Amino acid sequence: MLSDSNRERIICKNKTLREGCAPRGKEIIALRYRSGAKVCVKRTLCSINRKDRDALTCEGEGLAMNLEILYEDCDIILCRKPAGVAAQTKRIGQQDMESLLKNYRAKKGETPYVGVVHRLDQPVEGLMVFAKNQKAAASLSKQIQEHMIGKYYYAVSEHSPAQPEGILENYLVTDKKTNHTTVSKACKGAKKAVLSYQVLEHKEKRTLYNIKLDTGRQHQIRVQFAHMGCPLVGDSKYGNVENGQRREALALCSYRLQFMHPVTGKQIDYSIVPKGKAFAGFFSE
């Protein structure tokens, strides 16, 4: 079992915030919002004003899921994207993180600008940071382009790799018509994909990994692990799931983000614990 100290932590201090956003010298609150319900404060580490509290407790028009905001200041929102929810979509009537956060900001009487600076695949759960203004969006986008943002994932497979840790380097090609990515040789249209992994634990014929993503290619972790012979649990797209096998949720979680605050320049480092069923046996209650 992983220790409780590794389950969830806030390293960022409130001194990263600009004056007027929240009291100084205290850590940031982490809270959960459920549509039509009261705020469930996971850690009351600083106060929030009534205007923000009312926006979180008011009935969400058409919101059918949790909006879990873990960190917020004048420039960014850090939240957990649930598995099955798109980060951003053009499909009419389908909820995504962008629209949910725009509604949340509108409820607070703020300009509902939400800058989507990176993405997670729809079946993947985990941390995402969104910009609340164009200046923050530009800074975060630059950090992503220059590979300055640390992205860490937990994953579970039913097979173990030959080596307990290593670096995977492949060239990937994506078919836009089928939305399918494959490993290929270095050629025109192929993009280099790099990640490092470490086996953390074996339990009941399953393996838990810690993964650091160096590049952000489409379906990168899923494709590279399948190519290594260790397709992720629940990955019917790349895992060759046999007919009749019970389908599980994809066992992949973006559990940690490291980046520089786009305005203050302070380091922000935040971690969460996966909620997917495939991870339950690896984390203590």
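A residue counts as buried at under 20% relative accessible area, as exposed at over 50% and as partly exposed in between (1.4 Å probe, protein chains only). The structure described here is a predicted model, in which local features need pLDDT of at least 70, side-chain atom pairs count only at pLDDT 80 or more, and totals for chains, interfaces and linings use all residues. Residues are numbered from 1 along each chain as its sequence is written, and side-chain values use heavy atoms, with hydrogens and water left out.

By the burial rule, Tyr 154 is buried at 6% relative accessibility, and Tyr 255 is buried with a relative accessible area of 8%. Rings of Phe, Tyr and Trp (its six-membered ring) pair if their centres lie within 6.5 Å, with planes under 30 degrees apart called stacked, over 60 edge-to-face and the rest tilted. This gives 6 aromatic pairs. In one of them, Tyr 154 and Tyr 255 are stacked, at 3.8 Å centre to centre and 10° between the planes. This pair joins distant parts of the chain, 101 residues apart: Tyr 154 belongs to strand β8 (residues 150–157) and Tyr 255 to strand β13. Strands are DSSP runs of E with at least two residues, helices runs of H or I with at least four, and both are numbered from the N terminus. Ring pairs also bring Tyr 152 and Phe 283 into a cluster with Tyr 154 and Tyr 255.
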